[in-house]
Amino acid sequence: MHQTFREQTWDETHFALFYQQYASPLLDYLRTRTRTLEDAEDILVDVFLAARQAPRLGMRHPEDSLPGSGK
């Protein structure tokens, strides 16, 4: 059975975990590549909006790589 597009996108809980894990390191990186913190934050928002709307494409859920997940 095929999943709908909505089923293939991030649910709110998994996206929140993804954001918590990657937002800070990504913002740190973006700060080294942009002139201002505001520019880095704008890019960060764009990246996470795109990720939120994109199909998962078989990606593992972020909690799979968290300590204690056993994976």
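Predicted model: local features only at pLDDT ≥ 70, side-chain atom pairs only at ≥ 80, totals over all residues.
Local features need pLDDT of at least 70, side-chain atom pairs count only at pLDDT 80 or more, and totals for chains, interfaces and linings use all residues. Residues are numbered from 1 along each chain as its sequence is written, and side-chain values use heavy atoms, with hydrogens and water left out.

User: Which pattern does the protein chain follow along the sequence?
Analyst: The chain holds three helices and zero strands. Helices (H or I, at least four residues) and strands (E, at least two) are DSSP runs, numbered from the N terminus. Read along the sequence, the pattern is α-α-α.

User: Are α2 and α3 roughly parallel or roughly antiparallel?
Analyst: Helix α2 spans residues 12-33 and helix α3 spans residues 37-53. Their axes (lines fitted to C-alpha atoms over the stretch in contact, with angles from 0 to 180 degrees between N-to-C directions) lie 10 Å apart at an angle of about 150°. Angles over 145 degrees count as roughly antiparallel, under 35 as roughly parallel, 65 to 115 as roughly perpendicular and the rest as oblique. The two helices are therefore roughly antiparallel.

User: How many charged residues does the contact of α2 with α3 have?
Analyst: Contact means heavy atoms within 4.5 Å. Residues making it include F15, Y22 and R31 of α2 and E41, V47 and R52 of α3. Ala, Val, Leu, Ile, Met, Phe, Trp, Tyr, Cys and Pro count as nonpolar, Asp, Glu, Lys and Arg as charged, and the others, Gly among them, as polar. By class there are 15 nonpolar, no polar and, as charged residues, four.

User: Is T34 buried or exposed?
Analyst: T34 sits in the loop between α2 and α3. Buried means under 20% relative accessible area, exposed over 50%, partly exposed in between (1.4 Å probe, protein chains only). At 18%, T34 is buried.

User: Which residues is I43 in contact with, leaving aside neighbours within four places in sequence?
Analyst: I43 is found in helix α3. Its relative accessibility is 34%, so I43 counts as partly exposed. The C-alpha atoms of I43 and L30 are separated by 7.8 Å. Those neighbours aside, the contacts of I43 are L30 and T34.
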